[in-house]
Amino acid sequence: MNFLTNLLPRISFPPALKVKAGRRIELKSESEIETMRAAAKIVATVLKEISEMTAAGMTTADLDDHAEKRIREMGATPSFKGYHGFPASICASVNNEVVHGIPRKRKVIKTGDVVKIDTGAYYEGFHGDSCITIAVGKVKPQAQKLIEAAEEALYAGIAQVKAGNTLLDIAGAIEDSVKANNFTVVEEFTGHGVGRNLHEEPAVFNFRTNDVPNVTLKSGMTLAIEPILNEGSKLTRTLSDRWTVVTLDRALSAQWEHTVLVTDSGYEILTDRTKV
Ligand code: MG
Ligand code: MG
């Protein structure tokens with residue numbers, strides 16, 4: 001049975017890359033984990049800087065320029081640039097844009113905007129991947145609530161990361177968190193394994209599903225967990241640039257993502273911005 005054909009998942013980044021079932025989930029060795037820590041730290045550093053510098057009047061291209069410059073200064077290459085033809089080092093998705101927004105010189109950031117910045121760095125053979133949502137100046141209360149609920153959903157999922165738990169534990173915790181906050185979770189994009197490849201097995205779902213095999217977490221797995229929450233309908237469509245995904249009802253969307261290591265006792269957030 002080709003169980004992934006009908007049900008997604010477009011992992012959150014390439015427009016139509018499908019995770020193929022049955023591929024081995026790679027467990028990273030101690031030295032590989034050390035390299036992933038370094039790759040992820042570069043991502044965390046860049047996102048921390050962007051969160052601090054983003055302001056009304058800047059363009060999303062300004063943020064992309066900064067990200068690329070800093071990733072290269074730190075000895076890495078941007079994971080996204082050229083990936084399936086993506087033209088930039090960050091995805092910058094504003095307000096009703098859900099994911100894969102292309103940075104543009106004409107896209108001026110305004111007070112009240114909800115700006116998602118997703119980036120990845122490739123360092124000594126391994127990738128780190130993380131996304132933040134920035135409230136630019138004072139945003140509407142419902143926007144603030146959505147941003148906080150999206151981060152809460154990410155951490156609800158991360159709290160389930162532990163050797164012996166399963167992907168369904170993560171998915172269920174995210175789903176319950178989103179529902180408790182009365183938002184919806186986008187279903188056609190998922191998290192993913194990350195390591196030598198930006199996207200690798202397994203697909204990390206943000207809602208309960210029995211349509212894919214459940215996976216028991218093992219120490220040494222590295223996962224990108226990245227729930228996307230919508231203010232209104234969970235449905236999306238892709239714009240004619242073939243990258244930018246927007247909400248069907250034009251309502252807001254928010255997303256946070258971390259690269260997380262599974263350990264015997266729990267987890268380690270490799271893209272932790274508080275440690276850079
Ligand atoms: Mg990402
Ligand atoms: Mg990702």
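A search of the whole structure, which is a predicted model, finds zero disulfides, a disulfide being a pair of cysteine sulfur atoms within 2.5 Å. Cys 91 is in no disulfide, and the nearest cysteine sulfur, that of Cys 131, is 8.2 Å away. That distance is too far for a bond. Cys 91 counts as buried at 2% relative accessibility, and Cys 131 is buried as well, with a relative accessible area of 1%. Here buried means under 20% relative accessible area, exposed over 50%, and partly exposed in between, using a 1.4 Å probe and protein chains only.

Some conventions apply throughout. Residues are numbered from 1 along each chain as its sequence is written, while chains are lettered from A and ligands numbered from 1 in the order in which they are written. Because the model is predicted, local features need pLDDT of at least 70 and side-chain atom pairs count only at pLDDT 80 or more, whereas totals for chains, interfaces and linings use all residues; side-chain values use heavy atoms, with hydrogens and water left out.

The strands come next. Strands (E, at least two residues) and helices (H or I, at least four residues) are DSSP runs, numbered from the N terminus. Two strands pair if DSSP finds at least two bridges between them. Strand β5 covers residues 114-123 and is mostly covered, with eight of its 10 residues buried. Strand β2 (residues 77-78) runs antiparallel to β5 and is joined to it by two bridges; in this pairing Thr 77 stands opposite Tyr 122. Strand β3 (residues 90-94) is also antiparallel to β5, with five bridges between them, and Ile 90 stands opposite Thr 119.

Between β5 and β6 there are 10 bridges, and these two strands run antiparallel.

Elsewhere, three strands form an open sheet in the order β7-β11-β14, with antiparallel pairing. Its edge strands are β7 (184-185) and β14, each of which pairs on one side only. Two bridges join β7 to strand β11 (residues 228-230). The bridge partner of Thr 184 in β11 is Asn 230.

What holds the magnesium ion (ligand 2)? Its protein donors are Asp 129 (OD), His 192 (NE2), Glu 226 (OE) and Glu 257 (OE), lying 2.1 to 2.2 Å from the ion. Donors are N, O and S atoms within 2.8 Å of the metal (3.2 Å for Na, K and Ca), and water is not among the atoms, so sites may look incomplete. Along the sequence, the donor residues are spaced D-x62-H-x33-E-x30-E. Asp 129 also bridges the magnesium ion (ligand 2) and the magnesium ion (ligand 1), which lie 3.1 Å apart. Distant parts of the chain are linked by the pair of Asp 129, in strand β6 (residues 126-135), and Glu 257, in the loop between β14 (253-255) and β15 (258-262), 128 residues apart. Asp 129 is buried at a relative accessible area of 1%, and Glu 257 is buried at 0%.

Aromatic rings are another feature to locate. The whole structure holds two aromatic pairs. Rings of Phe, Tyr and Trp (its six-membered ring) pair if their centres lie within 6.5 Å; planes under 30 degrees apart count as stacked, over 60 as edge-to-face and the rest as tilted. The rings of Phe 86 and Trp 243 have centres 5.0 Å apart and planes at 80°, so this pair is edge-to-face. The pair links distant parts of the chain, 157 residues apart: Phe 86 is in the loop between β2 and β3, and Trp 243 in the loop between β12 (236-238) and β13 (245-247). Phe 86 is buried, with a relative accessible area of 1%, and Trp 243 counts as buried at 8% relative accessibility. The rings of Phe 205 and Phe 207 are also edge-to-face, because their planes are at 80°, with centres 5.8 Å apart.
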